[in-house]
Amino acid sequence: MAIFFDEALKTFYLESKDTSYVFRINENGFLNHLYYGKRIAREDLTYSVYLVDRGHGSNIAGRPRYESLNVYMNECPTYGRSDYRESMLAFFFENGSRVSDLVYKNHRILDKKPELCGMPSVKGGETLVIELWDSLNSVSVELFYTVFEELPVILRHAEIKNLGSVALTLDRAYSFAVDMPDANWDVLALPGAHLRERFAERSPLSHGIFTVDSKRGVSSGQMNPFLAVLRKNATEESGEVYGYNLVYSGDFAFKAQVEQNDELRVVGGINDHDFAWELLPGDMFTTPEAVMVYSDAGLGKMSRTFHDLYRENLVNPRFVKKSHPIVINNWEATYFNFDTEKLCAIIDSVEGTGIDTFVLDDGWFGKRLNDRAGLGDWFVNMEKLPHGLTPIIEHAHKKGMKFGLWFEPEMVNANSDLYRAHPDWAIHAPGLEPCTGRDQLILDLSRDEVCDYIIKVVSDILKNNAIDYVKWDMNRTMTDNHSASLGKRGKELHHRYVLGFYKICEALINGFPHVFFEGCASGGCRFDPAMLYYFPQIWTSDDSDAYLRTAIQYGTSMCYPLSTHSCHVSAVPNHQCGRVTPYASRASIAHLGATGYELDTTKMDPDELAEIKAQVDDYKEIEDLVLFGDLYRLNDPQKENLFAEQLVSKDRSKALVTVMRPLAIPNAAAIRVYPRGLDDDATYFVREGNLTKKGSTLMNLGIIVPFAPRDFSTVTYHIKKVD
Ligand code: GLA
């Protein structure tokens, strides 16, 4: 049991092994948050409620002046009844009122978390459901809390029902609110851009509202749906950290607010910018799921908790515990310039290297000679591939390799048969020429007929060809937010698009269970937990430069397990930034994820090809660590001239340490790395360096890294317990 209700105190205790989350039903019937953090005793916490008349405010109707909702910590804050901070919910009622009065009605405890309607979520057990009721407006709000005994995790979402006889509008429907009793915090977010996604950034919190959000229709590479709130003294390894992540692939917002009480409120969910949802009588709205992780040991423990939770309870279970394909992808090798012979030559060139999957990227369909035409026409381009896909697929299969194919089904080019037949299927605002991105338009997935079309064309190709792997891309963000089918309910478009996308994923990914689906959005511009529910790995960034990848993969690892980061060894000079990094370094960094290759192997000499085999063999040796291991980030590559990351097996018998020194420094001071997570008293053999030492020695005295005298060199250490 992780959920307790004390009837006398009217208090709920949500407990994991190491955490407590406590709130009560107060005398006025609303939910008064009391505590969230390290596990504490199960006792009366009302002494900590500090009520004071702060003046120039307001108080609860009919209650003393000091009883304002603005001075309580609130579990489900709404606007208009004396709480002026950020709300979790906002309504617009038929009579023009925006004011709701939600009070406790009842609660129940379920053994198993119910699935969320139309949206992916984390699997979970014991779940508290609390119903709040607004009798004036006949609105029911159910708050869901799922607790894990073994993991310091709470899952939250809400279901809002209109049980009245007139329509109402939801202007904000966030997934959670958490109040904390002081304001001494930093925040860490994952901002970025195409080619430099998720660069971790920490800043102090001060009075006002710190917001991370996306208005782009996707969870976005510009800001990830993740926010950590950290104690000022928290580091990678120590101090309190609260991590928040949203299982959602569309517009989101997290807000951290410090107001007059010098307390913190964190709220988050679907972005309410350009959002409104009409609830007709009897309708229900489900918010996406928020994941809350508490760590008393810094960012590292927070990340390991997210990783464990997602590997066990979120990522597509058909693939999460198995070897991922090791691909050769033709994109950076050929771009659009290929024919059957060239593709078969690539397949031939990697025979015997251990690469097990050939992925044919963009350019095989429609009139897709460049990126200005063809999206939407999912039929083989017979001028380019006169015998279709079959000879290439058969060739790959004959060589013992699987075959993967690129799609971008959510999109259409104006220069395509699909657009000529259905121009209205593309999202556009009436009377305006739609903005394009990469010369393409977005199909309106809020419309059933569009989703059905995508399901049918992709299914037909998967049915008619022996395809083992799909790379599912999405290469622009949304504009011209209007849907002819939604009329005045236009502000529902972005969320309905996301629901349409999940419907397509359900049909295709569950309809073709043997196919391995990789996610992609111009690289890592839609990397979120909901994507991971369907796609066991995501192309982390179009930036394949080994040096920049250290920071991208570092940031991505804040909440997403390494097995989900798709990472390729590519050519030098690097196609995105021109940098030349050593071949071995490119492999070492790509090995810290689901590894693969993306370069023209037909141009490699026998030594370079033999090196691929050696690299793949090496990867096979450490793959279990990538799939299941505990991650320790040994330093922050954005702050130092060093990147060092370690993976340790759960039983601590095996570890890998990968270190890169970006810039060579002559006559430099010794660089030491300090492994973590080993058994103090066990003896370990460090293969490189031929060292046999106790875990405590390695972790406290460190290992001196002998870098080669050149830029971007890496050293990897394979560490094994010997007794
Ligand atoms: C996106 C992807 C790339 C590649 C191209 C093809 O940019 O991120 O990996 O597939 O599209 O157009």
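**Figure 1. Salt bridges across the whole predicted model.** A search of the whole structure, which is a predicted model, finds 54 salt bridges. One of them pairs the side chains of Lys-161 and Glu-142, with N to O at 3.8 Å; this pair links distant parts of the chain, since Lys-161 lies in strand E9 (residues 153–162) and Glu-142 in strand E8 (residues 139–147), 19 residues apart. Lys-161 counts as partly exposed at 24% relative accessibility, whereas Glu-142, at 5%, counts as buried.

Figure 2. The closest N and O atoms of Lys-321 and Glu-312 are 3.2 Å apart in their salt bridge, and both residues count as partly exposed, Lys-321 at 45% relative accessibility and Glu-312 at 47%. Lys-503 forms a salt bridge with Asp-448, the closest N and O atoms being 3.0 Å apart. Distant parts of the chain are linked by this pair, with Lys-503 in helix H7 (residues 493–511) and Asp-448 in helix H6 (residues 448–464), 55 residues apart. Lys-503 is partly exposed, with a relative accessible area of 35%, and Asp-448 counts as partly exposed at 47% relative accessibility. A further group, made up of Asp-83, Arg-85, Asp-179 and Arg-265, is joined into one network by salt bridges that share partners.

**Figure 3. The interface of domain 2 and domain 3.** The protein is divided into domain 1 (3–313), domain 2 (327–409 + 444–468 + 505–629) and domain 3 (635–721). The centres of domain 2 and domain 3, taken over C-alpha atoms, are separated by 31 Å, and the contact takes 23 residues from domain 2 and 24 residues from domain 3. Between these two domains an area of about 2000 Å² is buried, of which carbon and sulfur atoms give 67%. Tyr-554, Leu-592 and Leu-625 supply 29% of the area that domain 2 buries against domain 3, more than any other three residues.

**Figure 4. Polar pairs and helices at the interface of domain 2 and domain 3.** Two salt bridges are counted between domain 2 and domain 3, and seven residue pairs are in polar contact across this interface. On the side of domain 2 that touches domain 3, helix H9 (546–556), helix H10 (583–590) and helix H11 (606–628) each supply at least two residues, and H11 gives the most, with seven residues. By class, this side of domain 2 has 14 nonpolar, five polar and four charged residues. Helix H9 is mostly covered, with nine of its 11 residues buried, among them Arg-549, Ile-552 and Tyr-554. In a salt bridge between Lys-654 and Asp-624, the closest N and O atoms are 2.9 Å apart.

Figure 5. Arg-198, in the loop between strand E11 (185–191) and strand E12 (201–204), has phi near 55 degrees, a positive value in a residue other than glycine. Asp-262, found in the loop between strand E16 (252–258) and strand E17 (264–270), has a positive phi of about 55 degrees although it is not a glycine. Arg-198 counts as buried at 1% relative accessibility, whereas Asp-262 is partly exposed, with a relative accessible area of 39%. A cis peptide bond with omega of about -10 degrees joins Val-572 and Pro-573, and Pro-573 has its place in the loop between strand E29 (565–570) and H10.

Methods: Residues are numbered from 1 along each chain as its sequence is written. This is a predicted model: local features need pLDDT of at least 70, side-chain atom pairs count only at pLDDT 80 or more; totals for chains, interfaces and linings use all residues. Side-chain values use heavy atoms; hydrogens and water are left out. Domain bounds come from an automatic or database domain assignment. Contact means heavy atoms within 4.5 Å. Buried area is the accessible area (1.4 Å probe) that two parts lose on being put together, summed over both. A salt bridge is a side-chain nitrogen of Lys or Arg within 4 Å of a carboxyl oxygen of Asp or Glu. A polar contact is a pair of N or O atoms within 3.5 Å; within protein, one must be able to donate a hydrogen and the other to accept it, and residues adjacent in sequence count only if both atoms are side-chain atoms. Helices (H or I, at least four residues) and strands (E, at least two) are DSSP runs, numbered from the N terminus. Ala, Val, Leu, Ile, Met, Phe, Trp, Tyr, Cys and Pro count as nonpolar, Asp, Glu, Lys and Arg as charged, and the others, Gly among them, as polar. Buried means under 20% relative accessible area, exposed over 50%, partly exposed in between (1.4 Å probe, protein chains only).
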